[in-house]
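Trainee: I would like to go through the labels used for this structure and see what each one rests on.
Mentor: Then ask about them one by one, and we will set each value against its cut-off.

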Amino acid sequence: MNWPSSGPRPYRRRVLPDVLAALSGLGLGLSLIVAIGGQNAFVLRQGLAREHVGTVVLVCAASDVALIAAGVAGAGALVQGRPALLDGVRLAGAAFLTVYGLLAARRALRHDTLAPRGGAVPASLAATATTALALTWLNPHVYLDTVVLLGSIAQSHPGRQWWFAAGAALGSIAWFTALGYGARLLRPLFSRPRAWQVLDVAIAVVMLALAASLVAAV
């Protein structure tokens with residue numbers, strides 16, 4: 001018996017390019033986000049301290065998803081055409097990173113710990129969410145990575161830009177979730193005050209170096 005030629009093969013021909021576009025977005029998104037930076041350092045520290053982890057993960061992931069969507073929708077051209085806007089974001093980000101870096105340095109010098117906290121009062125939910133928002137939206141690199149770069153590369157998948165965006169968004173969600181909730185696996189290491197001191201020194205160095213690089217780029 002001769003079976004009809006129209007079977008699952010046309011369906012596969014339609015779906016495979018969509019999946020490949022999504023995987024391309026996932027891979028590129030992860031390659032851009034899995035790096036040492038202020039945002040990741042903050043998420044890691046909150047995860048280790050078990051303080052407002054869900055809020056931090058939600059804020060960072062939702063911000064990335066919004067920026068990726070904006071880039072695919074065409075906001076990249078707007079950002080590229082407004083250099084003064086990026087300069088303003090750079091200066092604001094540099095100021096914020098400097099303050100955060102100095103606070104981390106002060107914690108290291110005072111031998112403050114998070115486990116146990118030595119009676120210190122945890123930051124409020126509002127303060128934690130505000131910090132997460134500032135570390136995301138005052139970082140000009142996030143606009144270049146998500147809005148400009150991912151938005152531009154998405155256009156190389158005509159008709160499947162949103163599949164690419166979905167893959168990149170999934171990468172951000174998976175990364176922040178793993179970083180925030182997976183940090184607890186490192187708690188045995190950070191049961192010693194010296195480990196927290198080293199972490200805060202590293203955070204201070206990263207934050208201040210990023211601030212200096214932002215000022216130099218203006």
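This is a predicted model: local features need pLDDT of at least 70, side-chain atom pairs count only at pLDDT 80 or more; totals for chains, interfaces and linings use all residues.

Trainee: Why are α6 and α7 called oblique to each other?
Mentor: Helix α6 (residues 140-154) and helix α7 (residues 161-182) pack at an angle of about 140°. The roughly antiparallel class needs over 145, and the roughly perpendicular class runs from 65 to 115. The pair is therefore oblique. Their axes are 9 Å apart.

Trainee: Which residues of α6 and α7 meet?
Mentor: From α6 there are Leu150, Ile153 and Ala154, and from α7 Gln161, Phe164 and Ala168. By class, this contact has five nonpolar residues, one polar and no charged.

Trainee: What makes α2 and α7 oblique as well?
Mentor: Their axes cross at roughly 40° and come within 7 Å. Roughly parallel would need an angle under 35 degrees, and roughly perpendicular begins at 65, so α2 and α7 are oblique to each other. On the α2 side the contact has Gln39, Asn40, Val43, Leu44 and Gly47; on the α7 side, Trp175, Phe176, Leu179 and Gly180. Five of these residues class as nonpolar, four as polar and none as charged.

Trainee: How do you know that Asp18 and Arg160 form a salt bridge?
Mentor: The criterion is a side-chain nitrogen of Lys or Arg within 4 Å of a carboxyl oxygen of Asp or Glu. For Asp18 and Arg160 the N to O distance is 2.7 Å, so the pair qualifies as a salt bridge. Asp18 lies in helix α1 (residues 8-33) and Arg160 in the loop between α6 and α7, 142 residues apart.

Trainee: How many salt bridges does the structure hold?
Mentor: Two. Asp200 is in helix α8 (residues 193-217) and Arg45 in helix α2 (residues 38-49), 155 residues apart. Both Asp200 and Arg45 are buried.

Trainee: What makes Phe42 count as buried?
Mentor: Its relative accessibility is 4%, and the limit is 20%, so Phe42 is buried. Phe42 is part of helix α2. Leaving out residues up to four places away in sequence, Phe42 touches Val56, Tyr100, Thr128, Thr131, Ala132 and Leu135. Phe42 and Thr128 are 86 residues apart in sequence, with their C-alpha atoms 9.7 Å apart in space.

Trainee: Is Thr136 buried or exposed?
Mentor: Buried: a relative accessible area of 1% falls under the 20% limit. Thr136 is in helix α5 (residues 125-137).

Trainee: What makes the pairing of Thr136 with Gln39 a polar contact?
Mentor: A pair of N or O atoms has to be within 3.5 Å, with one able to donate a hydrogen and the other to accept it. The side chains of Thr136 and Gln39 make such a contact at 2.6 Å. The Thr136 side chain also reaches the backbone oxygen of Ala132, at 3.0 Å. Other residues that Thr136 touches include Cys60, Ser63 and Val142.

Technical notes: Residues are numbered from 1 along each chain as its sequence is written. Side-chain values use heavy atoms; hydrogens and water are left out. Helices (H or I, at least four residues) and strands (E, at least two) are DSSP runs, numbered from the N terminus. Buried means under 20% relative accessible area, exposed over 50%, partly exposed in between (1.4 Å probe, protein chains only). Contact means heavy atoms within 4.5 Å. Axes are lines fitted to C-alpha atoms, for helices over the stretch in contact, and angles run from 0 to 180 degrees between N-to-C directions. Ala, Val, Leu, Ile, Met, Phe, Trp, Tyr, Cys and Pro count as nonpolar, Asp, Glu, Lys and Arg as charged, and the others, Gly among them, as polar.
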